[in-house]
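The following note is intended for a colleague who is reading this structure for the first time. Please keep the model open while working through the numbered points.

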Amino acid sequence: MSKQWMSLVGALWLQSMAGTNTNFPAYSSQIKKLLSISQIQLNNLAFASDAGKLLGWFAGIAANYLPLWLVLLIGSILGLIGYGVQYLFLTNHINSLSYWHVFSLTFLAGNSICWINTVSYIVSIQNFPLDRQIAVGISTSYISLSAKIVTDIVDVVNVYAPSKRAETYLLMNSVLPLFFAIVVAPVIREMKIDKSRKLSDGFRVMFVITIATGIYAVFTSVKPAISKLLPSLLSLIGMVIFLLLPIVVPLVENMKEHWHGKCWIRRDPRICDLSKLEEDVKTPEEVIKEDSDVGFEVMEEIGAKRMLMKLDFWLYFFAYLFGGTLGLVYLNNLGQIADTRGFTETSSLVSLSSSFGFFGRLLPSLFDYLFSSSFNAFNAKAILERMLIVGCSKIYGAACYADLSSDYYEKSCPKAMYTIKNAVANAVTNERRMGASLLRLHFHDCFGCDASVLLDDTTDFTGEKSAKPNSNSIRGFDVIDKIKSQIEKLCPGIVSCADIIAVAARDSVVLLGGPSWTVELGRRDSTTASLDTANSDIPSPSLDLNDLITNFANKGFTAKEMVALSGGHTIGKAQCTTFRARVYNETNIDSSLATSLKSNCPSTGGDDTLSSLDATTPVLFDNHFYKNLVNNKGILHSDQQLYSGGSTDSQVKSYSTNPIAFDADFAKAMVKLGNLSPLTGTNGQIRTNCRKIN
Ligand code: HEM
């Protein structure tokens, strides 16, 4: 079974029971009577339910340390206590509850919702990294259905007596979330996914099902008119069927995976065999579509401190604090007004608002889906991207150019991206290390980003190929040549060598399991090269931490970005000359690593024998580079400097346990690297042959 989809279905089910506070107006009159409290006090109880969510961050912290099933269990047990004790009070099993007791219980019950929401959000976000807005949007919309579902059950169990109906509401609120949590716990988990393809078909079906569910919910909420046509039991059965329907998506996906014998959802290459990559890059249309699907964003994980400093967070916080609570208090008052006017169907109001609320929550994600995939003219992401390009000099300082854009070749050479991707996939399938070599080629070019690194020596200048860091070391020229000649056949004189290197580096990282990013395009190629600049600018492996920081600062990078970029050493190989001094002279190196490196790198001779920069997972782009550093297993002196008691230790440590943060920071830093002083406009040229000027 396609586990990602199943976990989303689990999240939907959880959410469909998590909005227990929204049916408060349906039983609040009974509480008011029993406690003999005023309308204002009753409103305060409605507020308490939402105020419980102010402590929702407890759930967030717990989810960092506990397995999801346990977070779920804690949340549903809090709800069991919060609503259960009130149920016992209403049924006279507990006699003496004060107003403040009920207030605290309501607060607790409100808080329980956050635990369940947290689990649903985590699952939706982690399992659908590129479609997280849509996944979260769909699952969140189901929270609005809770009141409708409970009302349907109450209608079946007890049709008339208001006091009994109130009891049933509370009983359902207390036990149903726990029941759902137990049912769903086995399927709800975070998968190990680095990225997922846009799952258009699955989401399309999900939207059809959810819209149909919403229409059904609204239709069956119009009680007086409908009850004659559809008895309560049938209405409930219909609702249950609609709730079960989303399971169609994982079932179909499962069958597809079975028949096609390959991962339908692109997973971490540890799960999905790399040899099947070729299959994945077959048709240009597929790849071009996928490129545009992958979109602009890089998932960004920020710490709690930075989150609290963000305006967005506070806007969201206050909107939620006032918005949500106002809605509930309003509905509660509406219920009371209806009551005093002798309208006995308060629960119909609850049910109706629940059903419409479902649409209210669903629509934003539906728009997001439509505007981000189908209607390119209104592509919100593309608009955002443009805005970012114009505004990005603020973010990236001098490193950002408004002349570059991600769709630069969309019209002039639409198959360029596919051609690069396909050629890189072939090269990496032939030799995995080539992915690393192409990444390094980009880094060495991009302390300039103008394809100067590709130029052969001429009578006018000595090229960069013979610079110390490049000589007998830098690789990948043949792959770039091959791509260039293929593209020249498709659209002569259009696509620059500098852009080809930048895209090839990104595609290499993705193929080896790393993050993706949008490459800004439109760089032009240099007409000269500088051996001296290459020698002075490209960092040497013998640098200490401070010199590394200065070296990158000279190009506008922070120390943090330098540490993230160094993670490029999670793939590829180094020659004995680059680490011999460390292995034979340094003490902060793991002894077993030193022994094994020495066997391959004698103290004299064997200068160009190779060892992997990340001995643990040499052809996977993951965070093992940092895990190695924490264990003194860095190969290069410069690498181990990042974790040797200095200012960057904490960042290395954090990346060693948080691959998502590393991926996000690496991708962001690569965008910045790629935008370092490119030639644009009429500067430079588009070389026909990457090795020489036209
Ligand atoms: C922090 C400063 C850096 C230093 C001192 C450094 C140094 C080195 C050295 C000495 C090698 C081995 C070359 C050889 O033996 O032939 C190497 C390989 C490599 N470097 Fe760096 N590097 C640095 C930053 C980066 C960055 C920022 C990236 C990419 C984002 C990168 C990507 C690579 C890759 C992928 C390889 C392996 C290439 C292959 O296998 O062909 N390096 N680096």
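Predicted model: local features only at pLDDT ≥ 70, side-chain atom pairs only at ≥ 80, totals over all residues.

1. Two residues are in contact when they have heavy atoms within 4.5 Å of each other.

2. The overall composition of the chain may be stated briefly. The protein chain has 694 residues, and 55% of them count as buried. Its secondary structure comes to 32 helices and 2 strands. The accessible surface of the chain is about 30,000 Å², and carbon and sulfur atoms hold 62% of that surface.

3. The packing of helix H1 against helix H6 deserves attention. H1 covers residues 3-18 and H6 covers residues 99-127; the two pack at an angle of about 155 degrees, with axes 9 Å apart. Angles over 145 degrees count as roughly antiparallel, and H1 is therefore roughly antiparallel to H6. The crossing of H1 past H6 is left-handed. On the H1 side the contact includes Gln-4, Leu-8 and Ala-18, and on the H6 side it includes Ile-113, Tyr-121 and Asn-127. By class, the residues of the contact of H1 with H6 are 9 nonpolar, 7 polar and no charged.

4. Helix H6 also packs with helix H5. The axes of H5, which spans residues 68-90, and H6 come within 8 Å and cross at roughly 155 degrees. H5 and H6 are therefore roughly antiparallel to each other. The crossing of H5 past H6 is left-handed. In the contact of H5 with H6 there are 18 nonpolar residues and 7 polar residues, with no charged ones.

5. A further helix pair, H8 with H12, has charged residues in its contact. Helix H8 (residues 146-157) and helix H12 (residues 232-244) pack at about 145 degrees, their axes being 8 Å apart. H8 passes H12 in a left-handed crossing. From H8 the contact draws on Lys-148, Ile-149, Asp-152, Ile-153, Asp-155 and Val-156, while H12 supplies Ser-232, Leu-233, Ser-235, Leu-236, Met-239 and Leu-243. These residues divide into 7 nonpolar, 2 polar and 3 charged.

6. Which residues does Ala-62 touch, when residues up to four places away in sequence are not counted? They are Val-71 and Trp-115. Ala-62 belongs to helix H4, residues 57-65. Ala-62 and Trp-115 are 53 residues apart along the chain, and their C-alpha atoms are separated by 8.9 Å. Ala-62 counts as buried because its relative accessibility is 12%, and the cut-off for buried is under 20%.

7. Val-175 and Leu-80 are 95 residues apart in sequence, and the distance in space from C-alpha to C-alpha is 6.1 Å. With a relative accessibility of 34%, Val-175 counts as partly exposed.

8. Is His-637 buried or exposed? His-637 counts as buried because its relative accessibility is 16%. It is found in helix H30, residues 637-641. Leaving aside residues up to four places away in sequence, His-637 touches Pro-541, Ser-542, Leu-543, Asp-544, Arg-582 and Glu-586.

9. Most residues other than glycine have a negative phi. Asn-472 is not a glycine, yet its phi is positive, at about 55 degrees. The place of Asn-472 is in the loop between helix H21 (433-446) and helix H22 (477-490). Asn-472 counts as exposed because its relative accessibility is 60%, where the cut-off for exposed is over 50%.

10. Ser-677 is found in the segment after helix H32 (659-674). How exposed is Ser-677, and what is its relative accessible area? Ser-677 is partly exposed, with a relative accessible area of 42%.

Key
Residues numbered from 1 in each chain as written. Heavy atoms only, no water. Axes fitted to C-alpha atoms, helices over the stretch in contact; angles between N-to-C directions. Helix = DSSP H or I, 4+ residues; strand = E, 2+ residues; numbered from the N terminus. Parallel < 35°, antiparallel > 145°, perpendicular 65-115°, else oblique. Left-handed = near helix turned anticlockwise from the far one by under 90°. Nonpolar A, V, L, I, M, F, W, Y, C, P; charged D, E, K, R; others polar. Buried < 20%, exposed > 50% of the residue type's maximum accessible area, 1.4 Å probe, protein only. Areas by Shrake-Rupley, 256 points an atom, 1.4 Å probe, with all protein chains shown as cover.
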